[in-house]
Amino acid sequence: MSRSLDDLLPTPLDARHLAALEPLGKSADLLALLDRWVERGWLRALDRAFVSFLGERDPGGEPLVLLAAALASHQLGHGHVCLDLGETLAEPDFALSLPPEGDALAGPLLLPSQLLERLALDTWLQQLSRSRLVAHGGSDEDSARPLVLNGQRLYLRRYWAYERRIDNALRERLQQVEPTPVDLCARLAQLFDGGAPTGQVDWQKLACALATRSAFSIITGGAGHRQNHHGGAFAGFAASARRRGRPPAAHPPGSADRQGRRAPDRIHRPAGRAPGGGRRGS
């Protein structure tokens, strides 16, 4: 089935047509509503196109499955790796950030919260569990299924795979015990020369010392807590470990909010490719 650009453009709805829609029971009505949300800027055209792709894969698919897929794709656009169905039903406006802040809500509308207010979590989960588009987390089902349901969280398969890889890597690291470097005290004294006053605990120095005991550690701090000094110290440990033959990953910490917003970009970006499309080192 071929589609033109016109097929992806939204079709305006007046109030009478909008009120007559049954988007949770009829796929055609759901697609018309999604088109309206794209027109308002609530969903991306990419989210709508993904639903069309799923409709081609399963022409008899349930509207609730297509709706969940559209919202899962929407969540990716906001930096969330999955759609939490329970949280979405409990607080749809907050969970989905819809309608967007500043939207005047003019014209005929059906808000996501209005659409979901009578939907039960069990019903949604049952529809997803029976769908040929959805695999179940922790099982060996068909890897070609584009969606993965784990508990009450729905993932696009690629991002489920990313999360599994990270989880497995972290579990492997957590099982490893790193030998304490024989020159640890001397290196700490050098890296943190002029740190905390005499008689006071240098918490940054202590954090880096504890980090040497494990193959995986997280060192955090709020704004103004000299995170770059943390990062520099930990990079020094990383360089030493590299000389021992096993380089750990080290990332200089920064604002938690800023790092959180950039985390999805790090996951989505192909290996070896820097922000802006260039190659690292170019």
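Ser-113 is buried, with a relative accessible area of 17%, which puts the residue below the 20% cut-off for that label. Welcome to this predicted model, a protein of 282 residues of which 36% are buried.

- Ser-113 sits in helix H8, which covers residues 112-116.
- Leaving aside residues up to four places away in sequence, Ser-113 touches Pro-92 and Asp-93.
- For a contrasting case, look at Gly-195, which is partly exposed with a relative accessible area of 30%.
- Gly-195 belongs to the loop that links helix H11 (184-191) and helix H12 (203-211).

**The protein as a whole**

- You can count 14 helices and 4 strands in the secondary structure.
- Take the contacts between residues at least 6 apart in sequence: 55% of them join residues at least 24 apart.
- The protein exposes about 16700 Å², and carbon and sulfur atoms supply 53% of that area.

**Helix H3 with helix H4**

- A handy idea first: two packed helices are described by the angle between their axes and the distance between the axes.
- Helix H3 spans residues 27-40 and helix H4 spans residues 45-57; their axes come within 9 Å and cross at roughly 165°.
- H3 is therefore roughly antiparallel to H4, since angles over 145 degrees count that way.
- The crossing of H3 and H4 is left-handed.
- On the H3 side, the contact uses Leu-31, Leu-34, Asp-35 and Val-38, while H4 brings Ala-45, Arg-48 and Val-51.
- Sorted by class, the residues of this H3 and H4 contact are 5 nonpolar, no polar and 2 charged.

**Helix H3 with helix H5**

- Helix H5 covers residues 63-77, and the axes of H3 and H5 come within 9 Å, crossing at roughly 20°.
- That angle makes H3 roughly parallel to H5, because the limit for this label is under 35 degrees.
- The crossing of H3 and H5 is right-handed.
- H3 contributes Ser-27, Leu-30, Leu-34 and Trp-37 to the contact, and H5 contributes Pro-63, Leu-66, Leu-67 and Ala-70.
- The contact of H3 with H5 has 7 nonpolar residues, 1 polar residue and no charged ones.
- Keep an eye on Leu-34 of H3, which takes part in the contact with H4 and in the contact with H5.

Technical notes. Residues numbered from 1 in each chain as written. Predicted model: local features only at pLDDT ≥ 70, side-chain atom pairs only at ≥ 80, totals over all residues. Heavy atoms only, no water. Axes fitted to C-alpha atoms, helices over the stretch in contact; angles between N-to-C directions. Helix = DSSP H or I, 4+ residues; strand = E, 2+ residues; numbered from the N terminus. Parallel < 35°, antiparallel > 145°, perpendicular 65-115°, else oblique. Left-handed = near helix turned anticlockwise from the far one by under 90°. Contact = heavy atoms within 4.5 Å. Nonpolar A, V, L, I, M, F, W, Y, C, P; charged D, E, K, R; others polar. Buried < 20%, exposed > 50% of the residue type's maximum accessible area, 1.4 Å probe, protein only. Areas by Shrake-Rupley, 256 points an atom, 1.4 Å probe, with all protein chains shown as cover.
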